[in-house]
Amino acid sequence: MKKTELPRWATAFVLPVLNLMSALLVAALVIHLLGESPSESLHILVDSAILDPEGLAYTLFYASTFIFAGLAVSIAMQAGLFNIGAEGQMYIGGLGLTWAVLALDTHLPGILMIPLAMIGAAVFGALWAFIPGYLQAKRGSHVVVTTIMFNFIAANVMNWLILKLIPEGQQNPASRVFADSAALPLLNKVLPVLGDAPLNISFILAIVALVVYGVVVWRSSWGYQLRATGLNAHAAHYAGVKISRTIIVTMLVSGALAGLGAVNSVMGSTHYLSLNFPAGAGFVGIAIALMGRQHPVGIFLSSVLFGALIQGGFDLSLEKPNIPQETFIFIQGLIILFCGAMENFYAPAILKLINVTRTTKEA
Amino acid sequence: MEDFHIASIIVSTIRNAPVLMFAALGGLFAERSGVVDIGLEGKILASAFASAAVAYATQNPWYGILAGMGVSVALAMVQAFVSITQKGNQLVCGIAINIAMSGLTFVLAQFFFQQGGRTPDLRNARLLDVILPGTAALDNIPVIGWLYGHVIGGQSVLVYVAFLLLPIVHWVVYHSRFGLRLRACGENPHAADAAGVSVERTRYLAMLVAGVLCSFSGAYLTLVQSGFFLRDMSAGAGYLALTALVFGNWRPLHTVLGCLMFGLFGAIQIQLEGVDLPVVGRLPGSLIQAIPYVVTVVVLAGLMAKSVAPKAIGKPFVKSR
């Protein structure tokens, strides 16, 4: 019997690894053309992002933001919605967080301030995703196009609002520095080996979010409705799922997760709202969702990979002036191309290989 | 209201619009054939860099335009390969190209010129404005002199190309054999296939046209508008072109009108910066910049007009056996 579909181990492990290797191969070629040694660069990258404890903590710090972004895109994908707007939702989430903190940080202790700020981030992110969700559900406007529009509207609105948040006498387009009560507890208090890395409790929250995501999507009736809508909206509707309601709620959850992505960097590291702070994390979330195949473990691993690229890339750029940090924006693009758009590039070859080995075994 | 010049608004609208028009009309071919082209932004940026770098190296803007075209077409072919042959996710492919090009153009600009991701000033390697004969003679006549010297004349060649494209694209899409096939592949590829049209070939051709047209946007940015390449200088122009396409309901004339309207917003925004208006007071420039997107969302919501995408858009064509 010839197999026509790939076994699970192939789609879950072999294909993503092959795709990732292809992207890194192209990246290595470019680094070679820039006159640097790819193997030496990889060595520096692994050393600084994985093997060094402080570097690893930085990697996980970046990964915390990416996990939320990846979850935001993933949960929408489960319902068949392509939320390109995680970037804008995270940006507006940062605004919600900042407003909450600016209003209350001198009055409340951290134990109340931090959860309140998180609620602010989640609510604002959710509201920013609500309109595209509503328009998709009720008016049929494609969520891809509207979320792109909302990214730009968010960027422009923030350009304007941030001017109102600049404290008097300052030039930098940023809000005032938050009081200490709004600073997330850092993990290096417990583990001094992490050095100065701003790895904080939002990493733990991200792990919790991954678990909750896994349970809700695969073990709850709402998750079942969600996946049914994504697989076949007509069948789901026939089975009694309220499609437009599912779409709107999914977008709300997705936006809230993207908004929570703002917490890590704003309250864990910079401690003020700055212009363009998401810096493309929402788009990285798309790559993570695709590479991790919307599975909690996959999302975690790809988030760590992208975190390592940022952290290692930073150190690499210091040592190799020909490989600036922007090289890793290029590599991100390559990974999205190979792991997302061309995910089945190697599938026919592997299928053939499996069939050939099976027939030789039988013979 | 003294600082508010209608004349300079008209002129800068005409100069703003071509960046969007080339990309939007390019995207029109891709999307009418059924391939979503979110990668306009990346193609504009890549061709802007290639145009500037080659024009600087050769001191000849025409080689720059050719280089930009080559790069943009190459990217369009990557998209075509992924979307048509690989039947991969077209949106993801476009986003990947945009992100990759944002990084790569900076890295290359830094590698070759070491000026923090920009190219040196092009000076004489820029495309010069066309001065129509008799401009000097008419210059003293109030309205006609300005109209002839600064609106009809005094523009770069690429501006004329952009406006000439509209009738050409309209004719190709609605009155040529290729246009008929193009629209058939975008609306109902199975019917086109049954009628003997090669869907794959038509879509590849459409992507080729999209690549060529889009490259002019990039060339226009560097060779006409700025005179150098700057990192991420496309600044959302590709997405704005896509917005114009959605706003214009994937029809050439309406799309170009959308581009002109967005160009007008850009011109007004520069004029309004720091000007006190009656009634509303001082309008922040960043909010004016958001208007095109808000208007498009309103249109998409079906509140002003109905925007209907090509039916087969974004779906890979799988030939039925």
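Predicted model: local features only at pLDDT ≥ 70, side-chain atom pairs only at ≥ 80, totals over all residues.

How are helix 11 of chain A and helix 12 of chain A oriented to each other?

Modeller: Helix 11 of chain A covers residues 281-291, and helix 12 of chain A covers residues 296-319. Their axes come within 8 Å and cross at roughly 135°. An angle over 145 degrees would count as roughly antiparallel, and one of 65 to 115 as roughly perpendicular; the two helices of chain A, helix 11 and helix 12, are therefore oblique to each other. The crossing of helix 11 of chain A with helix 12 of chain A is right-handed.

The residues that meet can also be named. From helix 11 of chain A come A:Val284, A:Ala287, A:Ile288, A:Ala289 and A:Met291. They meet A:Gly298, A:Ile299, A:Ser302, A:Ser303 and A:Phe306, which belong to helix 12 of chain A. By class, the residues of this contact are seven nonpolar, three polar and no charged.

The contact between the two chains may be set beside this one. There, 35 residues of chain B are in contact with 36 residues of chain A. Helix 4 of chain B supplies the largest share of the side of chain B that touches chain A, namely 15 residues. That side has 23 nonpolar and 12 polar residues, and no charged residues.

Finally, there is the nonpolar core. The largest one holds 216 residues, of which A:Ala69 and B:Leu20 touch the most other members. Helix 3 of chain A, residues 53-78, gives the most to this core, with 16 residues.

Methods:
Residues numbered from 1 in each chain as written. Chains lettered and ligands numbered in written order. Contact = placed C-beta atoms within 7 Å. Helix = DSSP H or I, 4+ residues; strand = E, 2+ residues; numbered from the N terminus. Nonpolar A, V, L, I, M, F, W, Y, C, P; charged D, E, K, R; others polar. Core = buried A, V, L, I, M, F, W, Y, C linked by C-beta atoms within 7 Å. Buried ≥ 20, exposed ≤ 12 C-beta atoms within 10 Å, placed from the backbone. Axes fitted to C-alpha atoms, helices over the stretch in contact; angles between N-to-C directions. Parallel < 35°, antiparallel > 145°, perpendicular 65-115°, else oblique. Left-handed = near helix turned anticlockwise from the far one by under 90°.
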